[in-house]
Amino acid sequence: MLHTAEWQGLYYAKKKNGDSVQQNVKITPVIGQGGKVRHYVSINRPLNDNNKSERSSERVQAESQTDIQSSKHKDRRKGSLDVRSTTSRGSDGSSQRRHSSMARIHSMTIEAPITKVINIINAAQESSPMPVAEALDRVLEILRTTELYSPQLGTKDEDPHTNDLVGGLMTDGLRRLSGNEYIFSTKHPHHLPSHLTTPLSLNDIPPRVAQTMESEDSWDFDIFSLEAATIKRPLTYLGLKIFSRFGVCEFLSCPEATLRSWLQVIEANYHSSNSYHNSTHAADVLHATAYFLCKERVKQSLDPIDEVAALIAATVHDVDHPGRTNSFLCNAGSELAILYNDTAVLESHHAALAFQLSTRDDKCNIFKNMERNEYRSLRQAIIDMVLATEMTKHFEHVNKFVNSINKPLAALEENGANGDDEAVKGILMVPENRILVKRMLIKCADISNPCRPLELCIEWAGRISEEYFAQTDEEKRQGLPVVMPVFDRNTCSIPKSQISFIDYFITDMFDAWDAFADLPNLMQHLDNNFKYWKGLDERKLHTLRPPPEGLRNSAVQNCREASVHREHRRLCPA
């Protein structure tokens, strides 16, 4: 049959049980997706013993010979019409409708990439020897799971610290069955305290603050010195300087006064009572983001709108963070967890609140003068980056970055084409890859603490541990499931928790980011910090720092004296 001609006649098909079925059909060619010829098959189906018939129409993907040759690995169900027994259906209209619906599903031309992969493997199995076919069965079993990117952990006993970190950061927690719901004070209005004042412009920044920010373009910049100099308001001051350096006001067409008001509002809605998730953390992530944006490979990848989106996303990414994890909020039945259906609860809240705060008052609406389409593009990029900081998709983001960007770039280098700017741009400028770069950038900025100089790393480790300790304390008070039992302030080994965090989350991600952005100083800090925590752990210490030498010597002396005293009592009993 010519694939462009109409045809009518007898059509033979097979039922599921293998029996042949003869049908009188009419096949009409139609132009399908991509200009390919598909066919509309009209079937005269016998309905009863008196050979009464009812015409029903079903679209099937009877592809032309050219199509078949070019897609030999397509799902076998799509290459033939699965005509089921009809005499047993009688005149049941619902059965016919269901059959028609199923046929349409089988003939759909929209296929997800994972479906195509599974179909190719299915086709390959047919001509494979038994060991290969069995191996492909295991491959298919893995591909059909929902967690393709999350590594499988061993038993709890193998590494309770890693297990608790994963449970606390990468799951939505256990569902609480009682009605004793924990309600956060989300009903309190978010506002700008009247006592909070900021400089009129960069020129009015106090000398001590300006001096502290002189080295803000260095990775070793001390954010805690800025925290002290600004009386816990580092985000506004650092934001003014970094946004000015990147020309954000010019891009947004907004006055510096509007930016200043916006930074004030955002910073006021971070909780200074949180030991870790406060505006100092936001300023630290903004600093890291600005540092990464200056790396040559990153600049090659992103447009000005991407840079502005990254800086804004870093600034707002944890706004109004309550100092508790998503798992805690879900277990507690908090208002936020209910609002966001236990899914990316905090990240969704951060993104939504950031735009609510920005657009409710023209005085702080940095987006007011943007053209509509450009604003929508910027808004979408900001939201995507904030949502990327959620840890449940950590391994998905990292693996996609490695497979879509790192490996193709490495292949160029192996083939001697690394200096070919056009070839590199061909990889970097793919829209999907630019999104992956932005996600990876903010993820690395968000959890870069282990890559900071040792003293900064130690301070951040103490702060996050205290926040987790406070959560464990509250879970016990409220009778909630304790999602990270190792973070008990009476028993926790902070060195072990840092080692587990670096091993499980940090090392692979920063190896990939370093391969892309070239960050030898960060990797050296990471190596030094890991050795520091390992050294404390090998000495069985649970604290942030070893005891001072004098105290250590005193403790050793006390142990020796106690031992001598015990020995004396043994030899000279009363």
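Colleague: What do the buried residues of helix 19 pack against?

Modeller: In this predicted model, they pack against helix 12 (296-301), helix 18 (394-414), helix 20 (431-446) and helix 22. The buried residues in question are Val424, Ile427 and Leu428.

Colleague: Why do you say that the buried residues of helix 19 line one face?

Modeller: Look down the axis of helix 19. Its buried residues fall within an arc of 95°, so they line one face of the helix.

Colleague: Helix 22 also holds Phe501 and Phe505. What makes this aromatic pair tilted?

Modeller: The ring centres of Phe501 and Phe505 are 5.5 Å apart, with 45° between the planes. Centres within 6.5 Å make a pair; under 30 degrees would be stacked and over 60 edge-to-face.

Colleague: How are Phe501 and Phe505 placed along helix 22?

Modeller: They are four residues apart in helix 22 (residues 494-517), and therefore separated by about one helical turn.

Colleague: Are Phe501 and Phe505 buried or exposed?

Modeller: The cut-off for buried is under 20% relative accessible area. Phe501 has 13%, so it counts as buried. Phe505 has 1%, so Phe505 is buried too.

Colleague: Why is the pair of Tyr532 and Trp533 called edge-to-face?

Modeller: The ring centres of Tyr532 and Trp533 lie 5.1 Å apart, and the planes stand at 70°. Over 60 degrees counts as edge-to-face, so that name applies to this pair. Both Tyr532 and Trp533 are buried.

Colleague: How many aromatic pairs does a search of the whole structure find?

Modeller: The search finds 20. There is also an aromatic cluster formed by Trp219, Tyr291, Phe292, Phe401, Trp513 and Phe516.

Colleague: What makes you say that the charged end of Arg452 sits over the ring of Trp219?

Modeller: The charged end of Arg452 is 3.8 Å from the centre of the Trp219 ring. The distance limit is 6 Å, and the charge must also be within 35 degrees of the ring normal. Arg379 sits likewise over the ring of Phe355, at 4.7 Å from its centre.

Colleague: How do you know that the span of helix 23 agrees with what its residues should give?

Modeller: Helix 23 (residues 520-538) has 19 residues; at 1.5 Å a residue they should span 27 Å. The end C-alpha atoms are 27 Å apart, so the two values agree.

Colleague: What covers the buried residues of helix 23?

Modeller: The cover includes helix 11 (279-293), helix 21 (454-478) and helix 22. Among the buried residues of helix 23 are Leu522, His525, Phe530 and Asp537. Just after helix 23, Lys540 takes a positive phi of about 65°.

Definitions and conventions: Residues numbered from 1 in each chain as written. Predicted model: local features only at pLDDT ≥ 70, side-chain atom pairs only at ≥ 80, totals over all residues. Heavy atoms only, no water. Phe/Tyr/Trp six-rings, centres within 6.5 Å; stacked < 30°, edge-to-face > 60°. Helix = DSSP H or I, 4+ residues; strand = E, 2+ residues; numbered from the N terminus. Buried < 20%, exposed > 50% of the residue type's maximum accessible area, 1.4 Å probe, protein only. Arc of directions from axis to C-beta. Contact = heavy atoms within 4.5 Å. Expected span 1.5 Å × (residues − 1).
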